[in-house]
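Colleague: Could you walk me through this model, starting with the ligand and its surroundings?

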Amino acid sequence: MTHARIAGIGSYLPEKVLSNKDLEKMMDTSDEWIRERTGIKRRHIAADDETTGSMALEAARRAIEDAGASLDEIDLIVLGTATPDKVFPSTACIVQRQLGIKGCPAFDVHAACSGFLYGFDLANRYIQTGGARKAVVIGSETLSRITNWEDRGTAVLFGDGAGAVVLEASDEPGVMSTHIHADGEYEELLHVRQGVSIGYDITRKGEAFIEMQGNAVFRRAVATFDKIARETIEDLDGHIDDIDWFVPHQANMRIIQAAAKKLGLPMERVIATVDEHANTSGASIPLALDLAVKEGRIKRGDTLLFAAFGAGFTWGSAMLKY
Ligand code: ACO
């Protein structure tokens, strides 16, 4: 059987940094409140000329270089984003063109904070069934463009960035198991009220922004991280002790800590980078992975568990040998 393995990783964070102290000057909040409730210290904000596509391009280039792959070997591009550059074409097609690749399928996946894992699941299945041999899976977001900077309840939580992996066909896993799910019941708990078919109108100030019922989302996120992690481990007849590193979606330090505690995982085996870049939605897992690999914490051969949860609600997981 053909398996998929991660051959390369890359990420990109915009140069501009917005610290909690900077936010203190913009709204009624404090560094202490933000750190205590979320663990976030700073977030990166895209410059005016930076887009989801331009950040995705940079992360993808770095992942392809890390994999030692040539551009003509790439035969699938999947991009998880909730903040695409244009209504169409897809941001994946924009990135494909800028990479100088022609012909291979390229498409966006919209699953909010689970977007990267939805793309990862798809690319894994493409590779397993012979539809691709080298796929680039990207998560990229410019959440700053849909952040209401007058709402302290959400503005402190989000940031911009991109992360990418190259998945390649291999005789050995690699990726052992992936799961994705959705339940549209909870649309209003976490959403952007406006969209194209509803009649997007940027002049209707305050309506094209992230709106969230924080407490309800918090409870649901913790319960779901636990459920999805157990589903994945049990699918492989495994045990939580098999996991060297838990790499969760970087939403909020308290969600990450509560999920780890419920799973019985010590924080020493959890990758938490949310302090550095806040919640970057679909970009957060590959960003956290890249930072942890660069720091030398995650090493080749380690067993990793990814888990994500986001608007929809959507959720997903993957267990793999890095
Ligand atoms: N600075 C200072 N005070 C604030 C701020 C702020 N930035 N935001 C809210 N407050 C105030 C509130 O107004 C409230 O004041 P009050 O008691 O006078 O009414 C008080 O702080 C407590 O507010 P809560 O909403 O109860 O605070 P809570 O401890 O629940 O923390 C938070 C809020 C951080 C949003 C939390 O609910 C949370 O983390 N929720 C999960 C949301 C999340 O991470 N979503 C990301 C998208 S989903 C995903 O990625 C998984």
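Modeller: Happy to! A residue counts as near a molecule if one of its heavy atoms lies within 4 Å of it. Keep in mind that this is a predicted model.

Colleague: Which of the 22 residues around the ligand come nearest?

Modeller: The shell around the ligand divides into 10 nonpolar, eight polar and four charged residues. Of the 22 residues around the ligand, those that come nearest are T29, R37, N215, H249 and N252.

Colleague: What is the distance from a nitrogen atom of the ligand to a backbone N or O atom of G214?

Modeller: Let's take the polar pairs in turn. An oxygen atom of the ligand sits 3.4 Å from a side-chain N or O atom of W33, and a polar backbone atom of R152 is 2.9 Å from a ligand nitrogen. For the backbone N or O atom of G214, the distance to a nitrogen atom of the ligand is 3.0 Å.

Colleague: Which element gives the most residues to the shell around the ligand?

Modeller: The elements that give two or more residues are α2 (31-38), α6 (152-155), α8 (214-235) and α9 (253-263). With four residues, the one that gives the most is α8.

Colleague: Why does the ligand lie between two domains?

Modeller: Look at where its shell comes from. The ligand lies between them because residues of the shell come from both domain 1 (3-172) and domain 2 (176-321).

Colleague: Is D121 buried or exposed?

Modeller: D121 is found in helix α5 (residues 115-128), and its side chain makes a polar contact with the side chain of R125 at 2.9 Å. Buried means under 20% relative accessible area. D121 has 4% relative accessibility, so D121 counts as buried.

Key: Residues are numbered from 1 along each chain as its sequence is written. This is a predicted model: local features need pLDDT of at least 70, side-chain atom pairs count only at pLDDT 80 or more; totals for chains, interfaces and linings use all residues. Side-chain values use heavy atoms; hydrogens and water are left out. Buried means under 20% relative accessible area, exposed over 50%, partly exposed in between (1.4 Å probe, protein chains only). A polar contact is a pair of N or O atoms within 3.5 Å; within protein, one must be able to donate a hydrogen and the other to accept it, and residues adjacent in sequence count only if both atoms are side-chain atoms. Ala, Val, Leu, Ile, Met, Phe, Trp, Tyr, Cys and Pro count as nonpolar, Asp, Glu, Lys and Arg as charged, and the others, Gly among them, as polar. Domain bounds come from an automatic or database domain assignment.
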